[in-house]
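Please find below a colleague's note on the structure shown here. It is written for a reader who meets this structure for the first time.

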Amino acid sequence: MKNFTYYRPTTAEQAVALLEARFGNTEMLAGGTDLLSLQKDYIAQPARVVSLNGIAGLNTITIGQRSVTIGAGVTLAAIAGHVQLSRLFPALASAAGEIGGPQIRNMGTLGGNLCQRNRCWYFRDEHSPCLLRGGNRCSAIEGENKYHAIFTANHRCVIASPSTLATGLIALGASAEILGPQNRRRTVELAKFYRAPAAANEREHTLAANELITSVTIPVRGLTNAAYEVRQKQSSDWPIVQCAVAFSAGRNGEKATGVRIVLSHVAPTPMIAEAAGRAVENRAITAVAATAAGRAAAEGAKPLSQNGYKVRLVEVAVKRALMIAAGLPRYWEA
Amino acid sequence: MNDQETPSTSPSRRDFLYGTGAAAAATAVTGLAVAETPAAEVQPAGATPASGPGALKVTLNVNGREVQANLEPRVTLLDALRNYLDVTGCKRVCDRATCGACTVTLDGKVVYACTVLAIEAQGKQIRTAESLFNEGKPDAVPAAFVRADAQQCGFCTPGFVVAMKTVLQDNPQATPAQIEKGLQGNICRCGTYEQMRDAIYALCNQKRT
């Protein structure tokens, strides 16, 4: 790891004042579960590290009548273990409980989960050409790509979006509060927070290098919601495909409305599967309807040489997420 | 991460050449010698103080004892414990927050010591596998491991016992399934999971069926 100068500001404003307009020379440190590994592999080589762990007020959860605000520094374990969050937003809390293992959940934070770098092994190998590290080509398109994106149209970089909390938060209509230089504050819907990067100095999100997420706000609308992950292992890994769903009503045979179905790990950004949402909009959620939504979600996929299997997993993930949300029997559990 | 790296407090050849070039240019323009400026950034008044990149005094509370070491900011808690403080129970295996051999507790919560900066662990109670031995006597968890022969090479064991002890401390009535969930972040490459299950059932006073 390249050595660095370490800063530990005590307010978010002080932290932002230490950031720079370009990514790379200064990095923010929260749980460190992503940054330290990137530094050890010389993918991140910051000369300055700004710790966010001395900032009071980034780790509170506020449950209001109309909205819930979660500080960016709240740990994944705190989200997973929060009784009210689990009741209101199972799509978020269950996903938080599935991340890594207990150590990762004690260390990792909400903000870090949303802003983590992608898991592409070429990106994380300093010797492989990679567009995101200034290379002139993507090694994954012609290389080993079984875990990469399957919605690849118009993408030069085929990473799979890594966050499993963004998926549920987008389905629930959550927004990020962002603090920038000169105390400028802005609020961005998480549905518009992500971008597909294709060059060095581009990240997987639209946060500027000198901005900081301070909290995430989720509207309380009484939405039925759930998330489902298709995994290779029971723990310590990212899912292969993840789906989160949210809708009004839709339980006990009622028709579901305002259906939002979000996919992750299948494209460079989390993806709202609009066709899938339309497939069950204003319909009762049944196994048959959920299957139709899954088929609709997989339409338009253009898998790479090794990941055609993920197309079918999209169908499965959408179907099961809808069935969990609707309270239908989990036929896949023995 | 390479332990043998040259500390970056000493200027690199590149930095040295840049520095002398700038100084020579300044001398040529002003005709005056330029005083050497320190590498540390100039801090405006009231700004957040900078630590490093050189070594600084770090105070850690390890198994109830206050200890100090001179560490660069990049030194992880694991390397501080093993290489500077001779607390070698926690092991360096993957060094990438995956395998769990480096598991310690910070304020009672399990973390991967390989992925916490030592400088960030200041002011917290650090507990390692060594804390599970008192006066040469093993705690119930490592004792159950011994009885069940729940190890082969033993390298993962300190991490496993710390993780298992933490589950039981948080919930003395934990079921075998709950204990196993608490071990999700640890890997045994020898595959002694079955013997570990024996140890878990013994700790829960349950018979394995």
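This is a predicted model: local features need pLDDT of at least 70, side-chain atom pairs count only at pLDDT 80 or more; totals for chains, interfaces and linings use all residues.

The numbered points below take up one chain, one helix, the contact between chains and one sheet in turn.

1. Chain B contains 6 helices and 8 strands. Read from the N terminus, its elements follow the order α-β-β-β-α-β-β-β-β-β-α-α-α-α.

2. Burial and contacts within chain B. Of the 209 residues in chain B, 38% are buried. When contacts in chain B between residues at least 6 apart in sequence are considered, 54% of them join residues at least 24 apart.

3. Helix α4 of chain B. This helix covers residues 157-170 and has 14 residues. From its first C-alpha to its last it reaches 20 Å, close to the 20 Å expected at 1.5 Å a residue. Why can α4(B) be described as largely enclosed by the rest of the structure? The reason is that 11 of its 14 residues are buried, a residue being counted as buried if 20 or more other C-beta atoms lie within 10 Å of its own. Among the buried residues of α4(B) are B:T157, B:F160, B:M164, B:K165 and B:V167.

4. What covers this helix. The cover over the buried residues of α4(B) includes elements of both chains. Chain A contributes α6 (102-107), and chain B contributes β4 (103-106), β5, α3 (140-148), α5 (176-181) and α6 (193-203).

5. The contact between the chains. Here 31 residues of chain B are in contact with 28 residues of chain A. On the side of chain B that touches chain A, β1 (50-51) and β5 (109-112) of chain B each supply at least two residues. β5(B) gives the most to this side, with 4 residues. By class, the side of chain B that touches chain A has 13 nonpolar, 11 polar and 7 charged residues.

6. Strand β1 of chain A, residues 5-7, pairs with β1(B) in the antiparallel sense over 2 bridges. A:Y7 stands opposite B:A50 in β1(B).

7. A sheet in chain A. Five strands form an open sheet in the order β4-β5-β8-β6-β7, with antiparallel pairing. Its edge strands are β4 (61-63) and β7 (185-189) of chain A, each of which pairs on one side only. On average, neighbouring strands of this sheet are turned by 20° against each other, direction ignored. Within chain A, strands β6 (residues 175-179) and β8 (residues 212-219) run antiparallel and are joined by 5 bridges; A:A176 stands opposite A:V216 in β8(A).

Conventions. Residues are numbered from 1 along each chain as its sequence is written. Chains are lettered from A and ligands numbered from 1 in the order in which they are written. Two residues are in contact if their C-beta atoms, placed from the backbone, lie within 7 Å. Ala, Val, Leu, Ile, Met, Phe, Trp, Tyr, Cys and Pro count as nonpolar, Asp, Glu, Lys and Arg as charged, and the others, Gly among them, as polar. Two strands pair if DSSP finds at least two bridges between them. Axes are lines fitted to C-alpha atoms, for helices over the stretch in contact, and angles run from 0 to 180 degrees between N-to-C directions. A residue is buried if 20 or more other C-beta atoms lie within 10 Å of its own, exposed if 12 or fewer, and partly exposed in between; C-beta atoms are placed from the backbone. The expected span of a helix is 1.5 Å times one less than its number of residues.
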